[in-house]
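These are my notebook entries from a reading of one structure, kept in the order in which I looked things up.

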Amino acid sequence: MTRVVEHEPNAASTPRGGPRRVIPIQPTADEVALYEIRKKIQPRAVHGWFARWRVALVFATQIVYYGLPWLSWNGRQAVLFDLAARKFYLFGGVFWPQDVIYLAVLLIVGALSLFLFTAVAGRLWCGYACPQTVYTEIFMWIERKIEGDRVARLRLDGAPMSPRKFALRSAKHAAWLAVASWTGYTFVGYFTPIRDLGHAVATLALGPWEAFWILFYSATTYGNAGWLREQVCKYMCPYARFQSVMFDKDTLVITYDRARGEPRGGRAKSVDPRAKGLGDCVDCGICVQVCPTGIDIRKGLQHECIGCAACIDACDQVMDRMGYAPGLIRYTTENALERQLPDRARWRRVLRPRTLAYALVLLAMVGATAWSLATRVPLRVDVIRDRGTLAREAGPGVIENVYRIQVMNTDERPRHYTVEASGLPGLRVVGLDQPIELEAASARLFALRLQAPLEPGEGKPPLAPGSHKIEIEVGSVAAGAKGKELEHDHVERHEQSTFIVPR
Ligand code: SF4
Ligand code: SF4
């Protein structure tokens, strides 16, 4: 019920703070609350096959997340996204802004994987690997260890503040904050060498951006996993909203077998439910108690369901205690339930043309990317014409063009390079001290002067005015080489450009 407070009609004569009346406004039939008032959910702990998978994935993802920045490779951090230097280090590879194609491929592979796994088995990502699920799982584990099981937590919630409640709540929030801070610190450790970052934190010498991102990421983790929890999945996550378009009647989803379970009702273990006209659901409500989003799967597929399978584990335990077959709640498809399909037929439909097409495209993209990375040349060359000087006469009968050339050594060791040009008779590089040396993972930008004689002689025709295609070749040579003594693992790049002869 909404309450509106108004001043008396003769407010002009009423002193400020004078009598006021409260007009109760009854909601009309059309009036709907915009936001549902949140009911705190205290999920019951659950054990079982799917819970073990979830715990395994929590460990796997967190070992990778917290451990990766501490790995070393060739004397540097193995995984480092050095935004300031605009270089990404991924184990043996050094990626530059020019390699942005790999980022695009990574995003496409991520999107395709999401389409594939959602089309096959619904919200697998949400239920097992999404950071929101993983950190909520970690935070709930801490909560259980400190405040006790569901019943103890519900009692604590309802109890007035006391020294014990204060101590338990303080310990819980301190542990949450510690995990959240370590998570924020690790996140920034992917962008700033993590050991240097640790030293900067210890000596209070953090830069403003590092401090901001550590605090921001820590606060986000603490808020989302500690306080908001299922609200993030229900109201904030866009994936929850559009995933339904990726489902069809052959998508595996967690479903309550209504035909088997209904009519539901309590009974003793010794009672034959068929004789009593009952289904297999004993209406114990445990599937609701374990649900992290607080929904009742028996009402059908709901967008709040994150596919964590906690209700499957819980119900299977109840079925086991009652001596019934497991699977009253299980992964199945709408078609399988409607048509009572056997397992083989169900799996044949799960592997349908749509999912096979996703899988093939995904495999092709992953294969092509792996091949491209394996055969990647650790040298990049960019050539652009100097805009200041198009073409000029460098001497009698000699035309000179100037270029700006950037050579990037993306290898993990220093290399020496020579630069050559071809495509016109007598075309040569001038004024460049060769070979040029580049440190590991470094780039050099310099002016490149090319000269060509207007009359090359030896029976060759004179250079015609206009634009001529040429090729600039950069190749690695052995250290200390006087001429073009190739390295044992020689690399080279050829770049196309033009040479202009004025009229
Ligand atoms: S856990 Fe199983 S038996 Fe208990 S209420 Fe849920 S569906 Fe019914
Ligand atoms: S309904 Fe079952 S699978 Fe869905 S969120 Fe709740 S417990 Fe997890």
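**Entry 1, strand β13.** I began with strand β17 (residues 466–477), which runs antiparallel to β13 and is joined to β13 by 7 bridges. The model is a predicted one, and I keep that in mind for every entry below. I then looked up the partner of tyrosine 417 on this side and found that its bridge partner in β17 is serine 476. β13 also pairs with strand β15 (residues 436–438), again in the antiparallel sense, over 3 bridges. There, tyrosine 417 stands opposite isoleucine 436 of β15. How many of the residues of β13 are buried? I noted that β13, which covers residues 415–422, is mostly covered, with 6 of its 8 residues buried. As a reminder to myself, side chains in a regular strand alternate between the two faces of the sheet.

I placed serine 497 in strand β18, which spans residues 492–501. Is serine 497 buried or exposed? Its relative accessibility is 14%, so I count serine 497 as buried. Setting aside residues up to four places away in sequence, I found that serine 497 touches Val383, Arg385, Tyr403, His468, Lys469, Ile470 and Ile472.

Next I turned to strand β5 (residues 79–82) and strand β6 (residues 87–90), which pair in the antiparallel sense over 4 bridges. Within this pairing, leucine 80 has tyrosine 89 of β6 as its bridge partner. The hairpin has 4 residues between the strands, and I noted that arginine 86 takes a positive phi near 55° in it.

I describe a pair of aromatic rings by the distance of the centres and the angle of the planes. The count for this model comes to 20 aromatic pairs. One that I examined joins tryptophan 49 and phenylalanine 50, whose ring centres are 5.2 Å apart and whose planes stand at 85°, so I call the pair edge-to-face. Tryptophan 49 is exposed, with a relative accessible area of 52%, whereas phenylalanine 50 counts as buried at 15%. Phenylalanine 50 also forms an aromatic pair with tyrosine 331, and this one is tilted, with 5.5 Å from centre to centre and 55° between the planes. Which parts of the chain does this pair tie together? Phenylalanine 50 lies in helix α1 (residues 49–67) and tyrosine 331 in strand β9 (residues 329–332), so the pair ties together parts that are 281 residues apart in sequence. Tyrosine 331 counts as buried as well, at 16% relative accessibility.

I also wrote down one aromatic cluster, which is formed by Tyr65, Tyr66, Phe81, Phe88, Phe187, Tyr190, Phe191 and Tyr217. As for a charge over a ring, I found arginine 376 over the face of phenylalanine 95, at 4.3 Å from the ring centre.

Which residues surround ligand 1? I listed Tyr256, Cys281, Val282, Asp283, Cys284, Gly285, Cys287, Arg298, Cys315, Met319, Leu328 and Ile329. Sorted by class, this shell has 9 nonpolar, 1 polar and 2 charged residues. From the list I followed cysteine 315, which has its place in helix α13 (residues 310–322). Cysteine 315 is buried, with a relative accessible area of 9%. Leaving aside its neighbours within four places in sequence, I found cysteine 315 in contact with Leu328 and Ile329, both of which are also listed around ligand 1.

Last, I looked up alanine 167, which lies in helix α6 (residues 163–188). At 44% relative accessibility, alanine 167 counts as partly exposed. Alanine 167 and isoleucine 146 are 21 residues apart in sequence, and I noted that their C-alpha atoms are 9.9 Å apart in space.

Note on methods:
Residues numbered from 1 in each chain as written. Chains lettered and ligands numbered in written order. Predicted model: local features only at pLDDT ≥ 70, side-chain atom pairs only at ≥ 80, totals over all residues. Heavy atoms only, no water. Near = heavy atom within 4 Å. Nonpolar A, V, L, I, M, F, W, Y, C, P; charged D, E, K, R; others polar. Phe/Tyr/Trp six-rings, centres within 6.5 Å; stacked < 30°, edge-to-face > 60°. Buried < 20%, exposed > 50% of the residue type's maximum accessible area, 1.4 Å probe, protein only. Helix = DSSP H or I, 4+ residues; strand = E, 2+ residues; numbered from the N terminus. Lys NZ or Arg CZ within 6 Å of the ring centre and 35° of its normal. Pairing = 2+ DSSP bridges. Contact = heavy atoms within 4.5 Å.
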